[in-house]
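Trainee: Can we go over the pockets in this one?
Mentor: Fine, here is the model.

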Amino acid sequence: MGETKLGLGYNDIKLNNQESPNGSKALTTEQFVNLGFMKKVDKTFSFGFSLEYKQQDSKLEITDDGDNADATVITLQHDMKAKFLGATNAIRFKYGTVDAVGKYKDTTNIYGSFKQSFKFGNIKPSWSYIYKQTDYTTKDDRLSTVDGSNLYKNIATTSVKLGYQLVKTITLALEYKNKKQESNVQSYNYENNSQIISFTQMF
């Protein structure tokens with residue numbers, strides 16, 4: 001038998017260091033409910049599914065009703081986790097739709113990720129790849145796309161991480177991350193690289 005979980009939640013998303021255009025730090029509030037199922041087949045393999053329904057309320061002022069980001073968001077998620085030849089492999093797929101009040105904010109979203117991690121004593125190397133595709137379902141004539149079609153944004157993120165467990169509850173890690181966005185609007189294309197040092201303590 002598997003495990004079934006029901007979750008309810010509320011998110012209040014704000015800016016920390018600057019005011020938004022309408023004079024408030026609030027950006028978005030979200031209320032959501034999700035239902036998930038997880039099945040552990042044996043010590044090396046497990047899988048699961050979840051469905052989330054979310055109501056999103058944007059606090060930003062707009063000048064065009066087509067930009068109203070208040071929306072209903074529905075996301076279906078599938079997870080798999082397997083241990084093989086000393087590696088822990090985690091795969092996640094998501095498909096979601098955003099039905100917004102503003103026609104220019106309606107999207108379909110596809111997400112896929114793969115993470116592989118190892119453990120050699122206190123050393124924990126890992127790498128991951130994440131791909132997210134966002135397709136806007138209504139053409140925004142205010143944007144000039146190179147192919148004349150609806151706006152899309154594809155983001156690929158690759159990460160390599162090396163962690164070291166100093167003691168049972170403390171881990172030090174060094175991570176290199178590459179993030180690249182491709183779009184049919186030229187000004188939306190970018191690529192950045194980052195190096196991150198993290199210190200994690202478990203309580």
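This is a predicted model: local features need pLDDT of at least 70, side-chain atom pairs count only at pLDDT 80 or more; totals for chains, interfaces and linings use all residues.

Mentor: Residues are numbered from 1 along each chain as its sequence is written, and side-chain values use heavy atoms, with hydrogens and water left out.

Trainee: What volume does the largest pocket have?
Mentor: About 800 Å³. A pocket here is an open set of points on a 1 Å grid over the protein atoms alone, where a 1.4 Å probe fits, with protein on both sides within 12 Å along at least five of seven lines. Its volume is the space filled by probe spheres set on the points, which are joined across faces, edges and corners.

Trainee: Which residues lie nearest its centre?
Mentor: Val98, Thr107, Asn109, Thr134 and Tyr136, out of 31 lining residues; lining means having an atom within 4 Å of a point.

Trainee: And which strand gives the most to that lining?
Mentor: β5, with 6 residues. Strands are DSSP runs (E, at least two residues), numbered from the N terminus.

Trainee: Now the second largest pocket. How big is its volume?
Mentor: About 360 Å³. Of its 18 lining residues, Asn34, Gly36, Phe49, Ser50 and Gln77 are the closest to the centre.

Trainee: Where does the largest share of that lining come from?
Mentor: From β3, which supplies 6 residues. β1 (3–14), β2 (26–40) and β4 also supply at least two each.

Conventions. Helices (H or I, at least four residues) and strands (E, at least two) are DSSP runs, numbered from the N terminus.
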